[in-house]
Amino acid sequence: MKQISMDRRQALKLGMGSAAALALTACKTGKDGGSGAAPAKDAKVGLICLHDENSPYDRNFLDAFNKAVEQLGLNPDSCLVKTNIPEGQECYDAAAELADAGCVAVVADSNGHEDYILQAASEFPEVHFCSATGTKAHTSGLDNFHNAFASIYEGRYLTGVAAGMKLKELADAGKLKGAAPKIGYVGAYPYAEVISGYTSFYLGVKSVMPDVTMDVTYTGTWYDEAAEKEAANKLMEDGADLISQHADSMGAPTACENAGVVDVAYNGSIIDACPKTSLISAAINWEPYFAYFFKAAQEGSTIDADWTGSLKDGSVVLTELNKDIAAAGTAEKLEEIKAKLEDGSLHVFDTTTFTVNGKQLDSYQADVDDDAEHKGDTEVVADGYFHESEKRSAPYFDLKIDGINLVESKQ
Amino acid sequence: MVHISKRLRMPVAQAMAVRLGAIALALLVCGIITTLTTGLNPLDVYASMFDGAFGTERKFWVMLKEVAVLLCVSLALTPAFRMRFWNLGGEGQVLMGALVTAACMINLADLVPEGLLFVLMLVLAPVAGALWAAIPALFKARWNTNETLFTLMMNYVATQLVAYSIIKWESSKGSGKVGVINQSSNVGWLPAIGDNKYLLIVLLVALVCVAMYVYLAHSKHGFEIAVVGESVDTARYLGIKVNRVIVRTLLLSGAVCGFTGFLLVSGADHTITTTLAGGAGFTGVMVAWLAKFNPFAMIGSSFLLVFMEMGADEISTAFGLNHGFGDILTGVILFFIIGSEFFINYKLNFQAKEVEAHV
């Protein structure tokens, strides 16, 4: 049968039933009414997910979708969700089906869906499509094709600060594995989104522990529980005192829980599943965007081709801090740094805080247009910092900075 | 004691009745499982399964395309299986055809006219698939190596070659994906007939199906394949060059797989991924067996498998169930269908003791 690929079958046991049930009830029984100036209730909207609620990444989208539907007071029967849609022709078929079904707005959650959503957008000009985390809308020339992302690097930085404080606590107690603190990071692909994510996380840790180093390993897939677990185990064997990841399964967190090593998650709290080791996570809250996108699509108002959420508008959030394991004073420190990031007095990619090949970064041409040439086209360093997610929503920081080592890269 | 004996031949009508009975039993068991585990009404679940394949015109055509692709791989495997050559390398042979097609679309789109591009793809994709099958065939013919393991392992080599090429061609640096090839120009895309994107694929596979039937049932090659499959010694006695038949048949098997790869890349997905074949190389084995290697019966068995897979997808979407649940139902149904073949081929004698007493 189609889709023998492992990812579909991997069921994780993180209160998945409850999450699914919640998501469903929100959808099925979501009460009418909602906010006063609700738009037409008969409008349909759709969501396409790469996996299902068992993946923290997709669950994050599903939750936000249901909340936005409720917030707008849409008829719950008109919120159509398609899960386990691979990054292939199936995605186009799913998007076309949602358009056939009368959706006015359709969101796809995975970067690899983009080309297929683009294809659907060109064939259904009356329907608005968004490829979340995608890169091509600002150059596509289509009015009904959009991208959205959030300045998640700021959230990553904050979780890095929390991790740094935890490392400091370990160091003060003499519990580090080596002389200097070391983090391990399980990444999916050597893709800018992943590189930007782990670099900002690392810089957050470094702001607390200046001598920290980080080993990064790539799994070559967005979702492979076994591979992510194995990668985390290897990193811990090689001396990592703390783990974080940018891959969509529960592989790495589970490995950490088994080994008793602190883990910083991504895109959703997993403290229920890993109470002893899961410290905190940075997540994109898609609800503000979904609400904006669906409302605008219904009303026929203009929608940004490329939308970037922020800490300020609630698109970038930190999930619950695990007080049982966090170092003393973490919550206060996070508030303080968050305020600085919001008012612009602190920049994550401040070029005085890191070096590339031993040198400070004065200028960098990033590949913002993402055309076939893969060449830098836009200057992104100015005023002493790298301007991430300002030229387009999807991250483009793809430099290897000093202190980060790539190990056992599969790519 | 129960005594099992082989049946000579069950009348066709009776065999069909056994199969239908098995499907009915399977649906009953599925219904019980559904109600016990989810509390849903099994009839609603079956209705939704039906919806998955026939719900809309679009779904119907998607289903026809899926059936065509699966059928094409199954047809490809059939001549080898008839010869008792266990070609489990369909997956890799499809991927090689797909890889070559993608390579042509990516690298030659600007260099050669589109007509020539199609000619190149139509020639090179089957050649790539054929080569991938010929390597284990040569080893089998020459050194009698185990073709099951050999063809299986060739799948992994093909997957790695595709993975390597994807990194060479990836659309955004480090993203690990090629994206839609020639998205704006559509160069090298199989044309739609009227508004229908998939009709051409369906027609092409229908042609392959008829051709394969004629080849197997009414050609000298087909006869030779059947004889080699029955007995290598008989084949030698008849003056059939067994090694030549093995290699020739595998070239054909691989070529049709490679052609399927072409259909997938140029006709359907317009991209290349390591999972593009989607397990069809293995599912095709089941399709061919269920149909007793009859090309026309395979239309039915591939339809059945695609219908169940799309139904499982639909169930998971419609009821918010995990995709694994649909897979469980599919597994139960397959268990009964395959199990029914046992009762068609064998007889259970419950009075075995009496028989023995007389002997």
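This is a predicted model: local features need pLDDT of at least 70, side-chain atom pairs count only at pLDDT 80 or more; totals for chains, interfaces and linings use all residues.
Select B:H3. With 13 C-beta neighbours inside 10 Å, B:H3 counts as partly exposed; a residue is buried if 20 or more other C-beta atoms, placed from the backbone, lie within 10 Å of its own, exposed if 12 or fewer, and partly exposed in between. B:H3 belongs to strand β1 (residues 3-6) of chain B. Helices (H or I, at least four residues) and strands (E, at least two) are DSSP runs, numbered from the N terminus.

Residues are numbered from 1 along each chain as its sequence is written, and chains are lettered from A and ligands numbered from 1 in the order in which they are written.

Next, select helix α4 (residues 90-108) and helix α10 (residues 242-269), both of chain B. The two pack at an angle of about 50 degrees, with their axes 7 Å apart; axes are lines fitted to C-alpha atoms, for helices over the stretch in contact, and angles run from 0 to 180 degrees between N-to-C directions. α4(B) and α10(B) are therefore oblique to each other, the class left over once angles under 35 degrees count as roughly parallel, over 145 as roughly antiparallel and 65 to 115 as roughly perpendicular. Among the residues making the contact are B:G90, B:M96 and B:M105 of α4(B), and B:G254, B:F259 and B:S266 of α10(B). Residues are in contact if their C-beta atoms, placed from the backbone, lie within 7 Å. By class, the contact has eleven nonpolar, nine polar and no charged residues. Ala, Val, Leu, Ile, Met, Phe, Trp, Tyr, Cys and Pro count as nonpolar, Asp, Glu, Lys and Arg as charged, and the others, Gly among them, as polar.

Turn to the interface. Here 31 residues of chain B are in contact with 39 residues of chain A. On the chain B side, α12(B) gives the largest share, four residues. That side has five nonpolar, 19 polar and seven charged residues.

Finally, select chain A. Its secondary structure comes to eleven helices and 17 strands, and buried residues make up 58% of its 411 residues. Colour chain A by pLDDT, the predictor's confidence in each residue, from 0 to 100. The average is 88, and 89% of the residues score at least 70. Over residues 1-39 of chain A, however, the pLDDT is below 50.

Note on methods:
Two residues are in contact if their C-beta atoms, placed from the backbone, lie within 7 Å.
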